[in-house]
Structure formats: C-alpha cells, structure tokens
Amino acid sequence: MRILGIETSCDETSAAVVEETGDAAKPWAIRSNVIASQIPIHREWGGVVPELASRQHIRDICGVVERALLQADTSWSDLGAIAVTQGPGLVGSLLVGVSFAKAAAAAAGVPLVAVHHLAGHIESLVLHNGELPLPSVVLVVSGGHTSLYLVERPGQYQLLSRTRDDAAGEAYDKVAKLLGLGYPGGPVIDRLAASGNDRAVALPTTRLTHADRNAPELKGDLDFSFSGLKTAVLRHVRGRDAAPSDQEIADIAASFQRVVVTVLIERLFDAARQYQAKSVGVAGGVSANSRLRAELVERGARREMPTFLPSLALSTDNAAMIAAAGLRKLRAGVTAPADLNADAALALL
Ligand code: KG4
Ligand code: ZN
C-alpha cells in the first residue's frame, strides 16, 4: 500500500509517497520526498514570519504534491491513504496542509490520518534504519522541541523530559542571530565551529535536579534548559570593546556547539541507563549537526548501545516521515474524521 504524506507545520512545504515493503524489520520505503523550502523568504526577516509562511504554503502545495506523485510514479487511484501533520506548529501553516489533505482524501475516497509532527520525527529513524531494538530512548531535537521519549512498543511514545525554555535549535538560531550569521543558525554555526577552538570560551551547562512545577508528572532530572547558555554567549559578545573577528566568531560557535552537544548526548544516555534501553536515537532538525552525529556514533560504539540517526534529508522537516508515522497509525486502525482541525499545540499521546 502507498500513502501520500503532507507536511506544512513550519517553513517547508513537503509531500511524499511512502510504500509498505511487507518486511517487518524495515516496514517502509520512500518512493518520493519533495521539499519546497521557504528559508530564502524568511532569511530576509531573520526568522520565520508566520503570515508569509502560510501564504507561501498555499502557493506551493499543489505543485509539491503533483511532483511527489509524479516522482513516485503514482496516481491518485494508487493511494491507500493520506497522512498529514495536524500539529504542533504554526496554525496558519498547518491549516494549509490539513485543508488540502482533507479535500484530497475526500476526493480520492481514501482514509485520512492525522500525524503528530514529533511522531513523524521519531518514525524518521525507523524509515531510515528499520525497526529499532526496543525499548528505545529517542531525543527529538529541533527548532521547536527538545524532548526525550521512551518507545517501548512501536508507535507508542512516552514523554520523559523536555526543555524548560528554549529548544536547542532555537538556541542555535538565536546565537547565530546575535553573531550576525543569519537564519537558520544551525547549519552556519555547525560549519564555522569546524574551524574554531571549542575550549576558547567558557560557557555554562545547566543541570536541572528539581521537578518542574508546570509538569509534576515528569521527574525533571532529565529536562533541558538552553536560555542561560544563549544569554552567556550574549554577555560574552556584548562585554567586549570591539566586534569579534572571524576567528573569534568561529571560537564562540565551536564552544557553544560543544556545550549543546555534550548536554544532549549526556542526557540521552542518562535516560537510556535509567530506562534500560536497548537502543537510542536522535531525530529532528538538529540531528543534522555534524558534531552531534559524530559523538552519537562514537558513544554508541563505546557503550555497546546501538545508536540511530535519520539520513540528513530525513533530519529536517519532510513529508516522508509524516507518511511513515501515518502508515503506523493506519495499521493500528486509527484514522481521522472529515472535520479534522489543525492544532498548534497538539500533545503527543
Ligand atoms: O525539525 P526542523 O526542520 O524544524 C522544526 O520542527 O523545528 O528543525 C529546524 C532546526 C532549526 O533550528 C535549525 O537551526 C536546526 O534545526 N538545524 C541545525 C542544523 N541543521 C538544522 N542545528 C544544528 N546543526 C545543524 N547542522
Ligand atoms: Zn520538525
């Protein structure tokens, strides 16, 4: 069976066709994954402008879906279902995908499946690597989220912790902005860090030990916090007489990246130990980071714990991961009603 996936939660309009393989160990194969990025549009403003994003999704959605079907050599009548990101994300952007998917599912006479964006990121690991050894602890780290999930059974995601303030990707974007490096910050800091000294600037790491009053169900010791780190970089840059040189910017980028990656990896393996995981995974836009990828692979080998990453193309937002998560839900018998609505703050249950 083939499913069409649609993702419009932020600044990428994406459509993909994913097919079931019949192989339980590697259940899905990508036939197409078309992504129209809006980054050049938002770069001018230093970040995503929600109103511009939703208007651009409207312009792009039909062409992106047509191209995804064409590349997959698939017609509407070949589809068994349509999956769409219901949330979380920018509500205007989500609405474009949800409205399109509802109309397309009704016209094609196929079931509609509503997918949580983070379930999509988690399933990108399975789409790329096949089923993970379970239980698995998965870190979803993007521009909007930094969360640890325990996956005990396929398709079941239990939240273990999340950031109390900024997401890691958000910290990358904010630090890049204050260094005058443009949007999005992750790729450019990653590139500059390669020529910097990662011990040049002393930056703080935050370790939370107390429970979060706003989330008493979580123990809190696995939570993240990145706003103090961002402020420390800001103080370091503002506390100088002259603007930093290119080498100093590279040193700041490398030092910042070392702290972020160390915290993410430490917390992930702490959780894996606590929950006796048989594997760990990292997904989401920041999983494209070169240092994070290298350290994960290295730590995995050292601790004899299998570690998993998505391909680079599946790390940042894409519809193939939404299609995969949609197939998972469809096989569990869950479809969406015709009056499905977008939900900007959708919880992952
Ligand atoms: O998953 P994603 O595409 O969108 C959200 O769901 O947020 O993640 C985008 C985030 C941005 O904050 C971007 O700066 C970050 O991922 N990112 C990176 C890298 N590539 C993208 N962060 C660090 N290193 C990278 N190479
Ligand atoms: Zn994402």
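Predicted model: local features only at pLDDT ≥ 70, side-chain atom pairs only at ≥ 80, totals over all residues.

Modeller: Let's start with glycine 186, where a polar backbone atom comes to 3.0 Å from an oxygen atom of ligand 1. Glycine 285 makes a backbone contact too: one of its N or O atoms is 3.0 Å from a ligand 1 oxygen. With aspartate 317 it's the side chain that does the work, placing a polar atom 3.0 Å from an oxygen atom of ligand 1. On its own, ligand 1 would expose 550 Å², and the protein buries 89% of that. As for where this happens, ligand 1 sits in the largest pocket.

Now the shell around it. Ligand 1 is surrounded by 19 residues, and the closest are Gly143, Asp173, Asp190, Asn289 and Asp317. H6 gives the largest share, with 4 residues.

Keep your eye on Asp317, as the metal brings us back to that residue. The zinc ion, ligand 2, is coordinated at 2.1 Å by NE2 of His117, NE2 of His121 and an OD atom of Asp317. So which spacing do these donors have in sequence? Written out, the pattern is H-x3-H-x195-D. Histidine 117 belongs to helix H4, while aspartate 317 is in the loop between helix H10 (312-315) and helix H11 (319-331); the two are 200 residues apart, and the pair links distant parts of the chain. Put together, Asp317 is a zinc donor and also has a polar side-chain atom 3.0 Å from a ligand 1 oxygen.

While you're looking at H5 and H6, check the loop between them, which holds proline 184. Another cis bond joins glycine 87 to proline 88, with omega about -10 degrees. Proline 88 is in the loop between strand S4 (79-87) and helix H3 (91-108). Most peptide bonds are trans, and most residues other than glycine have a negative phi. On the phi side, have a look at aspartate 73, a residue other than glycine with a positive value near 50 degrees. You'll find aspartate 73 in the loop between helix H2 (50-71) and S4.

Methods. Residues numbered from 1 in each chain as written. Chains lettered and ligands numbered in written order. Heavy atoms only, no water. Near = heavy atom within 4 Å. Polar contact = N/O pair within 3.5 Å; in protein donor to acceptor, adjacent residues only side chain to side chain. Areas by Shrake-Rupley, 256 points an atom, 1.4 Å probe, with all protein chains shown as cover. 1 Å grid on protein atoms, 1.4 Å probe; cavity = no way out; pocket = protein on both sides within 12 Å on 5 of 7 lines; lining within 4 Å. Sits in = over half its atoms within 2 Å of the grid points. Donors = N, O, S within 2.8 Å, 3.2 Å for Na, K, Ca; no water.
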